[in-house]
Amino acid sequence: KPPFHYKSVKPSEISFVPLDSKQKMSLKEIGQKHPKGKDYIHILQAHEEWPIIVDKNNSVLSFPPIINGELTRVTNKTKNLFIDVTGTSEIAINQVLNILVTAMSDRGFSIETVQIKGKHAPDLRPRKISVNIYYVNKLLDMDLTKNEMRELLSKMCLGFDGLVTIPPY
């Protein structure tokens, strides 16, 4: 149940039932006993507190980047998904999230946003980047005009008004 919160806790402070388990385990126990925990706990071991995602009732949904909880197991009856993308590069995280949600939107899913430190995710606004036509022509050994560049970029579903418009996906 929303709202969801991403927070950090001491590894022995909270327990939940991880995926493919039947018993509650602390985060520390998951790192020691659960197969996924053993594989990935090295990512967090140096830290005093570890990340979790909880819901309104303080039920643990996920222990990123280690494992999700049985509470959020996806089945063929699942109707709502909360997509959590974890990583060390904010740019890469946002690009992966945008690819996932736009692919799901193309398949009929509706997309909702979450607020993270004052920013909304996913951010599906197109980006604009500058392109030096002289450099492109030199690189491709061509002599494209602005209009030819616009025409070619439009074939790739990219806009061009002096800047190239790149879709969020």
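Asp 161 and Lys 128 form a salt bridge, with their closest N and O atoms 2.7 Å apart. A salt bridge here is a side-chain nitrogen of Lys or Arg within 4 Å of a carboxyl oxygen of Asp or Glu. Because Asp 161 lies in the loop between strand 10 and strand 11 and Lys 128 in strand 9, the pair ties together parts 33 residues apart in sequence. Helices (H or I, at least four residues) and strands (E, at least two) are DSSP runs, numbered from the N terminus.

This is a predicted model, in which local features need pLDDT of at least 70 and side-chain atom pairs count only at pLDDT 80 or more, while totals for chains, interfaces and linings use all residues. Residues are numbered from 1 along each chain as its sequence is written, and side-chain values use heavy atoms, with hydrogens and water left out.

By this rule there are six salt bridges, including those tabulated here.

| Pair | N to O distance |
|---|---|
| Asp 161 and Lys 128 | 2.7 Å |
| Glu 90 and Lys 119 | 3.1 Å |
| Lys 10 and Glu 49 | 3.9 Å |

Lys 128 is partly exposed, at 44% relative accessible area; buried means under 20%, exposed over 50%, and partly exposed in between (1.4 Å probe, protein chains only). Glu 90, at 48%, is also partly exposed. Shared partners join Asp 20, Glu 70 and Arg 73 into one salt-bridge network.

Two bridges join strand 10 to strand 11 (residues 163-166), and Gly 159 stands opposite Thr 165 in strand 11.

How values were computed:
Pairing = 2+ DSSP bridges.
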